[in-house]
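Here is a short report for a first look. Keep the sequence and the 3D view open while reading.

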Amino acid sequence: VVDAPVRLLNLSARYRMKKSIMLSAKAKQVMDRPRATTDSRSQVGDYTLVDIAARYTLLNAPWEFSAGVNNLFDADAHEPSLLTNDLPLQGRSIHFEASYRFK
């Protein structure tokens, strides 16, 4: 299928360090996306994205905190587009979250 990856690899892992701490990581590798025979642009480049996160839950309390990094290695990744240029994916980003559960 045009613009669809011939090979796609997804890996994910979670590790509970303690009852209140969870670490997670995921990786996605996209490879070999052929263009239509009528498209003269070069092939879309392969890329690997790695995301990591940590979550801390206060025991016996409704609070939960998390932090993570998406695209940890700041991969130069693009998705195919019918437009002149392919669509760039977001570079490295850091996120923080605090949540409170109402009972």
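## Pockets

A pocket is an open set of grid points where a 1.4 Å probe fits, with protein on both sides within 12 Å along at least five of seven lines. The model shown here is predicted.

The second largest pocket has a volume of about 180 Å³. Its lining counts 13 residues, and Lys26, Leu49, Asp51, Asn70 and Asn71 are the closest to its centre. S1, S2 and S3 each give two or more residues to this lining. The largest share, 3 residues, is from S2. Sorted by class, the lining of the second largest pocket holds 4 nonpolar, 6 polar and 3 charged residues.

## The largest pocket

The volume of the largest pocket is about 310 Å³. It is lined by 18 residues. Nearest its centre lie Ala13, Arg14, Ser24, Ala25 and Ala53.

Four strands each supply at least two lining residues: S1 (7-18), S2 (21-31), S3 (47-57) and S4. Which strand gives the largest share of this lining? S3 does, with 6 residues. By class, the lining of the largest pocket has 6 nonpolar, 7 polar and 5 charged residues.

## Aromatic pairs

How many aromatic pairs does the structure hold? There are 3. Trp63 and Phe65 form a stacked pair, because their ring planes are at 5° and their centres are 5.9 Å apart. For a stacked pair, the planes must be under 30 degrees apart. Trp63 is partly exposed, with a relative accessible area of 36%. Phe65 is also partly exposed, at 34%.

Tyr100 is partly exposed, with a relative accessible area of 39%. One aromatic cluster takes in Trp63, Phe65, Tyr100 and Phe102.

In soluble globular proteins, nonpolar side chains tend to be buried together. In this model, the largest nonpolar core has 5 residues in all: Val30, Tyr47, Leu49, Ala75 and Ala77. Leu49 is also among the residues closest to the centre of the second largest pocket.

What does Tyr47 touch, leaving aside its neighbours within four places in sequence? Its contacts are Lys28, Gln29, Val30, Arg33, Asp76, Ala77, His78, Glu79 and Leu89.

## Ser93

Ser93 is found in strand S7. Is Ser93 buried or exposed? Ser93 counts as buried, because its relative accessibility is 15% and the cut-off for buried is under 20%.

Not counting residues up to four places away in sequence, Ser93 touches Gly68, Val69 and Asn70. Asn70 is one of the residues closest to the centre of the second largest pocket. Met22 lies 71 residues from Ser93 along the chain, and the C-alpha atoms of the two are separated by 20 Å.

How values were computed: Residues numbered from 1 in each chain as written. Predicted model: local features only at pLDDT ≥ 70, side-chain atom pairs only at ≥ 80, totals over all residues. Heavy atoms only, no water. Phe/Tyr/Trp six-rings, centres within 6.5 Å; stacked < 30°, edge-to-face > 60°. Buried < 20%, exposed > 50% of the residue type's maximum accessible area, 1.4 Å probe, protein only. Core = buried A, V, L, I, M, F, W, Y, C linked by side-chain atoms within 4.5 Å. Contact = heavy atoms within 4.5 Å. 1 Å grid on protein atoms, 1.4 Å probe; cavity = no way out; pocket = protein on both sides within 12 Å on 5 of 7 lines; lining within 4 Å. Points joined across faces, edges and corners; volume = space filled by probe spheres on them. Nonpolar A, V, L, I, M, F, W, Y, C, P; charged D, E, K, R; others polar.
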